[in-house]
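Please read the following walk through a structure. It goes from a sheet to metal sites, then to cores and aromatic rings.

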Amino acid sequence: MPLNCARCKAARAILKRPKTRDALCKECFFHCFENEIHNTIVEGNLFKPGDKVAIGASGGKDSTVLAYIMKLLNERHNYRLNLVLLSIDEGITGYRDDSLETVKQNQKDYALPLTILSYKDLYGWSMDDIVRQIGKKNNCTFCGVFRRQALDRGAIKLGCNLIVTGHNADDIAETILMNVLRGDIARLKRCTAIKTGSGDNPEENVVPRCKPFKYTYEKEIVMYAYFKKLHYFSTECIYAPNAYRGHVRSYLKDLESIRSSAILDIIHSGEVLAVDEGIKLPVLGACERCSYISSQRICKACVMLEGLSKGLPKLGIVKSSKVKMIKREAITDGKKCDEKCCSFTCKSETDNKTNCKS
Amino acid sequence: MCSNLDTDIPVALSKIKLDQLQFCKRCQGKPFVVIQRKDVFCRDCFYEYGSHKFRSTIGKTRKVKPGDRILVAFSGGAGSSAMLDMIEDGLNKSANHKKLMFSPTILYIRELNYANESDAIITQKTHKIVERLKKSCLSSMISSMEMIYQDKEKPTFVDLGDFDPLDKDCPIINDKAQSKFWSKINSLSTDTSKEDFLRISRQQLIQKVATAGNFKYIFVGNTCTKTAIQMLTDLAQGKGSQITSEHSFTDSRFNVEILKPMREFIKKEVLFWNILRGTEPVEWSTITTFKSNKASLMKLTESYINGLEHDFPATVYTIFKTGNKLKFPDPNGVICKLCKSVIDPEQRCSASNALQLSHQLSKNLDDVFINDGSDRILCYSCNNLVNEIKIDSTVSPQKLGIADYLLYD
Ligand SMILES: [Zn+2]
Ligand SMILES: [Zn+2]
Ligand SMILES: [Zn+2]
């Protein structure tokens, strides 16, 4: 027996919404999906007219749908935003080659300007170079730390005052669980923020970021892309993802299969839990080498780069006495920047200078 | 999306084994148990370690004063069996500074036959628990889960000596109340909400008894391991702000404060304590005992943590410590009618509103039905709970006020 749509009661339902398990027709699903994101943007005060917004575009499903929906809502609701696509090329053969093609297609389809920056340009090392140096273990850490800074660097270069990322509800719930499991109270407090790096609450990022998909289920993003026939590149990174995170993700999927609201329930928990004021949280300052915001004197990327060039790739990944030793050395030898570090120039410089290559 | 921004991810440790070459870390005696990688104890030193930890957990908060009347909630399980043994042992100590000075009474609550076990098994388990209580030097009281719906004028508990499981006139055996309780359980559509409902009911019943008996505190036997599992389950149920009350040493949400003297013991320590002391716990089967790991959020989380703990032995302790760093919510907030926790303050951009909007949009409900926050009587997670009550299909749920969804009158 064909089921009627729970919303319009007229059309035949073609899907069951993962978030609420309501049966919906295609048009009603689009309506719900788009309006919920619009509502998040309005209630969360994510943008103001005139913002120049960099959309972190990887060619994957989240960022492809994000680019599409940002363009759509910007026109429909007249946000008056200046949208641009920003891609980072990690330099992984066979991974980005294809996904960058997808981003270029997005650029054409949505008529949004696109900029591509590579790790090689920014840091002097591509991910393939790094893997050649350190093997396949731990490289996700490099990739993540480098990407975080790369988006900031790119956004500054493009004159953007805001970055939007495709982090969805599943990603955020997973991060909350992850931070509880490893007792990272500082990140636990920060990771639910829909907007970071703005106002009197300086966060890890140089350029403020926001997450319009904070309450959007990953499965619904896939459904939306499927029914809208959006072209995205779906492949997992060829370098093995972290096994521990994999455990957390499959636990989250199981929770969702038991109770569909579980993902939002976890985010709610994250939003309302408060950290005891007596607990010391790391104070954020600037990295002595590259001026990137960091809770340490030398930021993670600089420690990692130093490790790569000195043949100690575990620097910044494992806390060892060796790391401390090098950090101390780096501080005492007084050299603020070595060659590689200059490739991501100091913050003051970037205000008037956009060329960041050494 | 790839978001491996994290570096300090726990590293798997090889499984900890009792090494023949290791000896007790205190006296170099014959090894009995290894707690963490290097904590090897002989029998005598493990006994000292256990009873010291129990005493100091109670002592360091300075809450319990000599002579305080304490209601000890005893389920028969491993945690509360060890707790009962430690209390009895502590009361009999000769050395003054090691002697426990409070005045305990045991409360055993008879559970229902949730897993549909045979009469023989139920009778045998009940017998074992009752015999354990008779053996105790402490006074004991018995209640039963259906007492949550006991007739107003009747008692909700009896002394151990007055209890006979076959006596139909025993006030704590009430078929009418029991069938009412069963119908409430069965009206819930998922095992997750059934477990949640049972937990809330149990908590309320213990409160009822403790208040009637004029007790100062309630002791429950929650271990560190149980705390970690329950905490993660609570997180997955939207109870983030309740974690502190629920899982710290003191829970003061209710009339009588609940204390958790076993909360620093991991499951392994409790199991070895019971072996050492020859106590035999009786595990009462729950709704999900014989079901798959995906039967409920609690069951899933339990198997998930047990699996992780195998490769990452610090898992339970890390979760436990994370919980200790959280803060109590503002006590002046509105109290949830069901679980008595503080209702989370309303925020415009929140998961709570996002979920409501999703229901509103995809079911095409009127705006009127959506809560504006001012008239909320249930907390976020209890709201989820009542949404899983099966509703008579002839009545439209939108037409009903939220009060009709309440489980208690
Ligand atoms: Zn429809
Ligand atoms: Zn010893
Ligand atoms: Zn509640």
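Two strands pair if DSSP finds at least two bridges between them. Helices (H or I, at least four residues) and strands (E, at least two) are DSSP runs, numbered from the N terminus. This is a predicted model, in which local features need pLDDT of at least 70 and side-chain atom pairs count only at pLDDT 80 or more, while totals for chains, interfaces and linings use all residues. Residues are numbered from 1 along each chain as its sequence is written, chains are lettered from A and ligands numbered from 1 in the order in which they are written, and side-chain values use heavy atoms, with hydrogens and water left out.

Start with chain A, where six strands form an open sheet in the order β5-β4-β3-β6-β8-β7, with mixed pairing. The edges are β5 (114-118) and β7 (195-196) of chain A; each has a single partner strand, so one side of each lacks a neighbour in the sheet. The partner of β5(A) is strand β4 (residues 82-89) of chain A, and the two pair in the parallel sense over five bridges. Within this pairing, A:Leu85 is opposite A:Leu114 in β5(A).

Next come the metal sites. Donors are N, O and S atoms within 2.8 Å of the metal (3.2 Å for Na, K and Ca); water is not among the atoms, so sites may look incomplete. The SG atoms of A:Cys5, A:Cys8, A:Cys25 and A:Cys28 coordinate the zinc ion (ligand 1) at 2.3 to 2.4 Å. The angles among these four donor atoms are 100 to 118°, and the site is tetrahedral (four donors with all angles between 85 and 135 degrees). Along the chain, the donors of the zinc ion (ligand 1) are spaced C-x2-C-x16-C-x2-C. Both A:Cys5 and A:Cys25 are buried, that is, under 20% relative accessible area, where exposed is over 50% and partly exposed in between (1.4 Å probe, protein chains only).

Chain B supplies the donors of the zinc ion (ligand 2): B:Cys24, B:Cys27, B:Cys42 and B:Cys45, each through SG, at 1.9 to 2.5 Å. This site is tetrahedral too, with angles of 95 to 124°, and the donor spacing is C-x2-C-x14-C-x2-C. B:Cys24 lies in the segment before β1 (33-34) of chain B and B:Cys45 in helix α1 (residues 43-59) of chain B, 21 residues apart.

A nonpolar core is a set of buried Ala, Val, Leu, Ile, Met, Phe, Trp, Tyr and Cys residues joined through side-chain atoms within 4.5 Å. The largest has 182 residues, of which A:Phe47, A:Leu255, B:Phe219 and B:Leu232 touch the most other members. Helix α7 (residues 169-181) of chain A gives the most to this core, with eight residues.

Which residues of chain A does B:Ser358 contact? B:Ser358, in helix α11 (residues 351-363) of chain B, is in contact (heavy atoms within 4.5 Å) with A:Arg17, A:Lys19, A:Thr20 and A:Glu36, leaving aside its neighbours within four places in sequence. Its relative accessible area is 0%, so B:Ser358 is buried.

Last are the aromatic rings. Rings of Phe, Tyr and Trp (its six-membered ring) pair if their centres lie within 6.5 Å; planes under 30 degrees apart count as stacked, over 60 as edge-to-face and the rest as tilted. There are 22 aromatic pairs over all chains. A:Phe33 and A:Tyr224 are stacked, because their ring centres are 4.2 Å apart and their planes at 15°.

Definitions and conventions:
Four donors count as tetrahedral if all angles lie between 85 and 135 degrees; four count as square planar and six as octahedral if opposite donors are over 155 degrees apart and all others between 65 and 115; anything else is irregular.
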